[in-house]
Amino acid sequence: MNGQPVARREHYLNVSYGVKSWLFTTDHKRIAWLYLVSVTFFFFIGGLFATLIRLELLTPQGDLVQAETYNKLFTMHGVTMIFFFLIPSIPAVLGNFLIPMMIGARDLAFPRLNLASWYIYILGGLFTLAAAAAGGVDTGWTFYTPYSSIYSNTNVALTVVGVFITGFSSILTGLNFVVTIHKMRAPGMTWFRLPLFVWSHYATSIIFILGTPVLAISLALVAVERLLNLGIFDPARGGDPLLFQHLFWFYSHPAVYIMILPGMGVISELIPCFSRKRVFGYEFVAFSSVAIAVIGFLVWGHHMFVSGQSVYAGMVFSLLSFLVAIPSAIKVFNWTATLYKGSISYDAPMLYALGFIGLFTIGGLTGLFLATLGIDIHVHDTYFVIAHFHYIMVGSAVMAYLGGIHFWWPKMTGRMYSEGWARLAALIIFIGFNLTFFPQFVLGYLGMPRRYHVYPPEFQVLNVMSSAGASILAVGYVLPLVYMIWSLRYGAVAGKNPWRATGLEWETPSPPPTDNFEVTPLVTEEAYAYDAIEPEAAYAGRPAHV
Amino acid sequence: MSKAEAVRAHQFDDSGQQHEASWIGMWVFLATEIMFFGGMFMGYILYRSLYPAAFANASNHLDVWLGGINTAVLICSSFTMASAVHSAAAGKRRTLVSCLLLTMALGLVFLGIKFSEYYVKFVEHLVPGISFVYEQRFAGPAEIFFSFYFAMTGMHALHMIIGIGLLTYLVVNSLRGRFSPSYHTPVEMIGLYWHFVDIVWIFLFPLLYLVGRHL
Amino acid sequence: MKAEPHVSLRVYVLVFAALIALTLLTTGVAFIDLGGNLNSIAAVAIAVCKALLVILYFMHVRYSDRLTWVFVGAGFFWLLLLIGGTMNDVLTRPVRSPDTASTSTGVSPR
C-alpha cells in the first residue's frame, strides 16, 4: 500500500494547483492549511527563544546573554507563542477545517472574511518579526506600563502594532464561527446534536469577539502614549498604571481560555472515539464550555493581587477564580467517566488525550493555589506561575493540538501517519514536558523569581533538570514534523473513516471534495452514537499502521 | 436575471439564510466595536472618578455649541440613513440615492466642525503631546482629559470617515441598480454601522462637553 | 430576523424629534446644579434613552428576533462587566490623605 498513488478523484487539494489557487482560496480547508504552515513556523520561532532561555538558565550566572537580551528573549518567546501560535492554533487550523464539516455545511458563513483573517494574521506577524529583527522588545509579553509606555528603549510600538493587527484576525474568525454555528447547521443538526468540538469553539468565539477589542485598545493607548509622550499611564502626571493592567487582563485572562477551550473540544472528540463510548454528561460538558467562557471574564484581577489593586477587589476576584475552576473540573470528571468501562485503545491521538487529562488537572489545581490570595503573595512572579501556565499551555493545549492534528490527519490528507513513530513522539513529549516543567513548581515554591537571567546557586540542579527536559521536548516536537511530512507522500492511504469515529466529517471522502458533501446531510442521530456500532466492526477496517 | 435580484453566495442554501447571516454578522461586529470604544470609555470613567474637579475644569474649554450642533447633525444623519434603508426596501432608487448623499453630506459637516474644533484646541495649546499648556493646579489630569478627548473623538472621526467611504460604495451601487426590495442587505448593514457610530457620539457629547457646566 | 420589518417614515420622524428634544434637554440640564452626582447620572440616563431609541427604531431591533436582542444586550452587558470590575477596584482603594502619603498604595479617589 505504501507509495501507491491515490486513485484520481477530485477533492479540495487537487481541484486546482498553483500558488495563486492557494493564496486566493476561499475554501475553509485550504485556509486551514495556510494557518497550519504559519502557526508551525511561529511555534518554532517561539521555541528558538525558549531554547536560548533554557540554555542561559543552565548556570546561575548570566553568562550566555546580558540581562537586557534575556529580557528580550522571554518577551519575544511569550509574544510569539501566545499571539502567533497558541491563540490561532486549534481554532484557525482545526476549527476552520472541521466546523463547516461537523455541522454539515459547505463552508463558513463568510469565506472571503476567513481568507482576510489569515492575511491580517500574517501582516501582524510580519510587524512582530520586524520588531524582533530590529532588536526586539524587553517589556515582557504583558507590556506593563509605565515601562512599556515611557521607559523602555526597545521596539515597543512596532510590536504592539503587530499584536493589535493580529487581534483583528482573531475577532473575524470568532465572528465567522458564531454566525456559521447559528445559521448554517444542516437539517436535523440541533444544538444538542453538535459535536462538543463545535460547542467549545462557539464558547471560544465569544471570547474572541468580546475580549480581543479591549486588548486592542489597551495596546493602542500604549503605542499612542509612547509616540506622543502623553501621560495616561504616567503616575507623575496623574496617570494610573493599573488602568493598563485592568484593560490588558480583561482580555488576557479570557485569552487563556481561548487557548484551552478548543483543546478541550478536541479531547471531547478523542476520548469517546478511543473508548468506543458516548461522552458521559454531554449537556454538562457543552454548558461548561460556555460557563468557562463567561465566568472567565470575571476573574482578571487575579493577575493583579500585588499590583496595587484594592484588597477588597482582590478578594472578589479570588472567589470568582475558584468558581471558574468548577466547569473545568466538570469536564475532567465527564471525560474520566467516559473512559470508565470503555473499550480503550492507545493510538497516538489517545495518548495525547490521556496525557492532557492528567497534565490539565495538575495545571488547573495549581491555578487554584495561585487564586488563593495568601499563597499568591509568595509565589506571584516566581517559577510557580510559569510552571502552572506551561502545564496548561504546553502540557494541555499543545498536546491537544497535536492529538487533534494526528486524529484528523487522515481526513485532511487522505494519508495515515506512522503510528509507531507517533506513539514514540507522544511519549518523548510527555516525558520531556514533565522533566522541563515539574522542577519549576519546586523552584517557584522555593522562591526563584521569573524573568531573571541569574539565580542563586542552590537552584542550579533543578534548572539543569528543566533545561535537560526541554532538550528532550524539542526532539519530541521535531519528530511529528518529519513523519507527518513523510506521510504525505508515503503514508498508507486512508479511507473515509479509519478510526470508525462518529461525526459528519467522517462520512465524506478523505480528502473531502471542495463543497464537503455531495448531498447536504440530514442528521437524525445524537452525537457520539458509539454504542450503535458493533464492537467487532470497531476493529474491522482499522488503518494499516506503517 | 436582472442585477437587482437576490445574489446568493454558494455556501448559503437560500437568500433568507444569507440575509440572516449578514444581519447577525454585522451585530457581532458591532459588539466588538462596543468593547473597543468601551475600553476608552473605561479609561475615561476611571480618571473622571479620580479627578472630578480637573475634568470639569477641562471640559469647560470645549465649545458646547459646536458639540451640540454636531450632535444634532449626527442625529439628522441617522434619520436620513434610516430613510435610505426605507427607500431601498420600497424600491425607490432616486430617494435612496438622495438619502445616502444627504447622510454623507451631514457626515462631512460633522467632520468639518470637528476638525475646526481640533484647530482651535491647537491654537489654545490644549493638544497633549504636541502643544499643551495648562494651569498648574490641574495640569496632569487635564492633560489626561484632553488625551481622552482627542483619542475618543479621533477614533470616532476615523469611523465616520470609513462610514463615508462605505456610503460612497452604496451610492455607486445604487446608481448601478444593484439594490431592490428583495436585496438591499449592504444598505441595511452599513446603516447599522452608521447608527452605531452615532450612538458612540451620543455618549461622547455629554461625557466630554457637559462636565461641570453648572459650576 | 426573517422578514424585513415595515417601519413607517412617521416612526422615524417621531424618533428623530425625540432625539433632538433629548439633546436639548441634556444640554440644558447640564447648566443647572442638580446636586451631588445627579448631573452625571442625568447625563448618562438621557444618553442611554437616546441610544435605546436609535437601537430599537433606527436599527430595527424592536422588530428583530430574540437572538438579535441577546447579541445587542451581550455587547453592552460585557462593557458593564469591564467597567464594574475595574471600578470595584478603583473605588475601594484606600483614600489618600496627606498623612498617609508616604504609604499610599498608588492612585485612589480623594
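**Contacts, helices and backbone geometry**

Reply: In this predicted model, A:Leu370, apart from its neighbours within four places in sequence, is in contact with A:Ile375, A:Asp376, A:Val379, A:Val385 and A:His388.

Me: In which helix of chain A does A:Leu370 lie, and does A:Leu370 count as buried or exposed?
Reply: A:Leu370 lies in helix H12 of chain A, which covers residues 348–371. The threshold for burial is 20 or more other C-beta atoms within 10 Å. A:Leu370 has 20 C-beta neighbours inside 10 Å, and therefore A:Leu370 counts as buried.

Me: What distance separates the C-alpha atoms of A:Leu370 and A:Leu113?
Reply: A:Leu370 and A:Leu113 are 257 residues apart along the chain. The separation of their C-alpha atoms is 39 Å.

Me: How does the radius of gyration of chain A relate to the globule rule, and what are the spans of its C-alpha trace along the principal axes?
Reply: Chain A has 17 helices and zero strands. Its radius of gyration is 23 Å, close to the 24 Å given by the globule rule for 546 residues, so chain A is as compact as a globular protein of that length. Along the principal axes, the C-alpha trace of chain A spans about 70 × 45 × 45 Å.

Me: What is the relative orientation of H8(A) and H9(A), and what is the handedness of their crossing?
Reply: The angle between the axes and the distance between the axes describe two packed helices. The axes of H8(A) and H9(A) come within 8 Å and cross at roughly 160°. Angles over 145 degrees count as roughly antiparallel, and H8(A) and H9(A) are therefore roughly antiparallel to each other. The crossing in which H8(A) passes H9(A) is left-handed.

Me: Into which classes do the residues in the contact of H8(A) with H9(A) fall?
Reply: The classes in question are nonpolar, polar and charged. For the contact of H8(A) with H9(A), the counts are 23 nonpolar, nine polar and one charged.

Me: What is the orientation of H3(B) and H4(B), and what is the class composition of their contact?
Reply: Helix H3 of chain B covers residues 64–90 and helix H4 of chain B covers residues 93–123; their axes come within 8 Å and cross at roughly 160°. H3(B) and H4(B) are therefore roughly antiparallel to each other, and their crossing is left-handed. The contact of H3(B) with H4(B) has 16 nonpolar, eight polar and two charged residues.

Me: Which elements give two or more residues to the side of chain A that touches chain C?
Reply: In this interface, 18 residues of chain A are in contact with 13 residues of chain C. The residues on the chain A side divide into eleven nonpolar, six polar and one charged. The elements that give two or more residues to this side are, in chain A, helix H8 (196–228), helix H9 (241–275) and helix H11 (311–339).

Me: Which helix supplies the largest share of the side of chain C that touches chain B?
Reply: Here 41 residues of chain C are in contact with 36 residues of chain B. Helices H1 (9–30), H2 (38–58) and H3 (66–90) of chain C each supply at least two residues of the chain C side. By class, that side has 30 nonpolar, seven polar and four charged residues. The largest share, 14 residues, comes from H3(C).

Me: Where does A:Pro146 lie, and what is the omega of the peptide bond from A:Thr145 to A:Pro146?
Reply: A:Pro146 is found in the loop between helix H5 (111–133) and helix H6 (147–151) of chain A. The peptide bond from A:Thr145 to A:Pro146 is cis, with omega near -5°.

Me: Does A:Tyr528 count as buried or exposed?
Reply: A:Tyr528 lies in the loop between H16 and H17 of chain A. A:Tyr528 is not a glycine, although its phi is positive, at about 60°. Because A:Tyr528 has 26 C-beta neighbours inside 10 Å, A:Tyr528 counts as buried.

Definitions and conventions: Residues numbered from 1 in each chain as written. Chains lettered and ligands numbered in written order. Predicted model: local features only at pLDDT ≥ 70, side-chain atom pairs only at ≥ 80, totals over all residues. Contact = placed C-beta atoms within 7 Å. Helix = DSSP H or I, 4+ residues; strand = E, 2+ residues; numbered from the N terminus. Nonpolar A, V, L, I, M, F, W, Y, C, P; charged D, E, K, R; others polar. Axes fitted to C-alpha atoms, helices over the stretch in contact; angles between N-to-C directions. Parallel < 35°, antiparallel > 145°, perpendicular 65-115°, else oblique. Left-handed = near helix turned anticlockwise from the far one by under 90°. Buried ≥ 20, exposed ≤ 12 C-beta atoms within 10 Å, placed from the backbone. Rg over C-alpha atoms; globule rule 2.2 N^0.38 Å.
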